[in-house]
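Please open the structure in the viewer and keep the selection panel at hand.

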Amino acid sequence: MLDWEGLIRRRLAGLRLDAAEKGEVQEELAAHLEETYDRLRGEGLSAKDAVRDTLSQVKDWKYLREEICFARTKEKPVTLRTKRLWLPSLVTLLVSMVMLPILESLGLKAQFLFLKGPHDRSYVFTVYTVWLMMLPFVGALGAYLSRRAGGAHSAVIISGIFPALAFFIALLFVLPFMGFLEHGLEANARSVFETLTNEPFGRIGVMTGWVLAPGACLFIGVLVCLLILRQLTPRDIAGR
Amino acid sequence: MIGSGIKRGTAELAVLSVLQDGPLHGYELARRIEQQSNGALCFTLAALYPMLYRMEQQRLIRGSWETSANGRRRRCYRLTPAGKKRLSPLRREWAELFRALRRLTKVEHA
């Protein structure tokens with residue numbers, strides 16, 4: 001006998017409803033598939049053909065998931081994506097960006113790390129220690145906002161580490177193109193640009209300082225947030 | 001077979017009309033619509049359930065779990081007073097539309 005409920009559970013795994021409601025939807029749809037299959041078998045179809053025809057009722061499981069979610073929560077998939085991914089990501093990015101000048105204005109300046117590179121050259125890297133120490137809280141905030149809106153694990157993680165992703169994209173695409181405007185760049189931006197384009201060792205350093213280290217700190221916050229919220233259903237979280 | 005655009009518009013009327021005869025679970029509902037429309041209206045699982053959940057949110061129908069004679073648990077849908085109230089104006093609107101289309105296209109019953 002086919003496990004229709006197991007199949008529906010797998011196909012609708014990302015359905016963002018609370019556990020009880022999700023269970024009811026899964027049970028109901030599984031019952032529908034089971035009855036369709038039984039009827040097709042009764043009409044003389046082979047088991048293989050009956051399964052194929054039964055499953056042909058759903059062309060796009062992701063779309064069905066979004067439609068069910070929309071129907072039961074009265075929210076459009078686009079609105080849901082904005083609430084679960086883009087808004088928390090934007091908050092995380094803004095907070096992390098605003099925090100940097102605020103910390104500097106409070107006298108919590110960056111530290112300078114001197115490293116010896118290839119060919120005996122010295123490199124100076126700027127390390128914003130306090131900022132990095134605050135980033136887990138920012139990551140946790142983004143993750144919490146996404147989770148509260150019913151975000152899936154992927155949306156929660158992306159929302160939490162979004163500033164690191166944005167820095168990565170900026171370093172990868174924006175700064176090289178700014179070479180055309182090199183003379184218009186401020187001194188520190190020009191130094192970042194030169195390090196990035198000319199020195200492999202410098203490139204690793206800048207990537208570590210602006211992408212990997214912040215990303216790791218933000219990710220720690222996301223993990224802690226997920227661990228804390230693990231025991232709560234989306235309805236509990238939404239009720240907060 | 002009727003195209004999906006027109007079908008979507010008639011879905012609410014079809015569900016409310018069939019449920020007027022008594023409560024049914026999703027599978028039975030789809031079969032009944034298919035049989036009573038001589039196969040012209042077929043609702044797949046993907047089309048049926050989002051629509052049922054939407055109509056439930058609008059309080060036109062109400063679903064409740066029941067156990068059938070063979071021991072299977074099924075969610076049965078029945079019309080609510082709001083659903084009954086919605087049915088008559090909906091029928092009038094569609095009847096009016098069909099009359100208008102008949103006049104326009106000069107399509108008559110054979």
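A polar contact is a pair of N or O atoms within 3.5 Å; within protein, one must be able to donate a hydrogen and the other to accept it, and residues adjacent in sequence count only if both atoms are side-chain atoms. The model is predicted, so local features need pLDDT of at least 70 and side-chain atom pairs count only at pLDDT 80 or more, while totals for chains, interfaces and linings use all residues. Residues are numbered from 1 along each chain as its sequence is written, chains are lettered from A and ligands numbered from 1 in the order in which they are written, and side-chain values use heavy atoms, with hydrogens and water left out.

**Stop 1: A:Thr36**

Select A:Thr36 together with A:His32. A polar atom of the A:Thr36 side chain lies 2.8 Å from the backbone oxygen of A:His32. A:Thr36 belongs to helix α2 (residues 19-42) of chain A; helices (H or I, at least four residues) and strands (E, at least two) are DSSP runs, numbered from the N terminus. Is A:Thr36 buried or exposed? With a relative accessible area of 5%, A:Thr36 is buried. Here buried means under 20% relative accessible area, exposed over 50%, and partly exposed in between (1.4 Å probe, protein chains only).

Next, display the residues that A:Thr36 touches. Not counting residues up to four places away in sequence, they are A:Thr54, A:Gln57 and B:Tyr27; contact means heavy atoms within 4.5 Å.

**Stop 2: chain A as a whole**

Colour chain A by its elements. Chain A has ten helices and two strands, and from the N terminus on the order is α-α-α-α-α-β-β-α-α-α-α-α. Of its 240 residues, 40% count as buried. A:Gly6 counts as buried at 4% relative accessibility. The C-alpha atoms of A:Gly6 and A:Ala30 are separated by 8.3 Å, although the two residues are 24 apart along the chain.

**Stop 3: helix α2 of chain B**

Select residues 26-36 of chain B, which form helix α2. The buried residues there include B:Gly26, B:Tyr27, B:Leu29, B:Ala30 and B:Ile33. Seen down the axis of α2(B), its buried residues fall within an arc of 165 degrees (taken from the directions from the helix axis to the C-beta atoms), so they line one face of the helix. After α2(B) comes B:Asn38, which has a positive phi, near 55 degrees.

**Stop 4: where the chains meet**

Show both chains. In contact with 23 residues of chain A are 20 residues of chain B. The area buried between the two chains is about 2,100 Å², and carbon and sulfur atoms give 54% of it; buried area is the accessible area (1.4 Å probe) that two parts lose on being put together, summed over both. Which residues of chain B lose the most area to chain A? They are B:Tyr27, B:Leu45 and B:Tyr53, together 34% of what that side buries.

Twelve residue pairs (both at pLDDT 80 or more) are in polar contact between chain B and chain A. On the side of chain B that touches chain A, α2, α3 (45-57) and β3 (73-79) each supply at least two residues. The largest share, eight residues, comes from α3(B).

**Stop 5: salt bridges**

Side chains of opposite charge can pair when their charged atoms come close. A salt bridge is a side-chain nitrogen of Lys or Arg within 4 Å of a carboxyl oxygen of Asp or Glu. Over all chains there are 13 salt bridges, and between chain B and chain A the count is five. Select B:Arg72 and A:Glu34, whose side chains meet in one of them (3.0 Å, N to O).

Move to B:Glu56 and B:Arg75, a salt bridge with the closest N and O atoms 2.8 Å apart. This pair links distant parts of the chain, with B:Glu56 in helix α3 and B:Arg75 in strand β3 of chain B, 19 residues apart. B:Arg75 counts as buried, at 8% relative accessibility.

Finally, select A:Asp49 and A:Arg52, whose side chains meet in a salt bridge (3.2 Å, N to O). Both lie in helix α3 (residues 47-55) of chain A, three residues apart, about one turn of the helix. A:Asp49 counts as partly exposed, at 29% relative accessibility.
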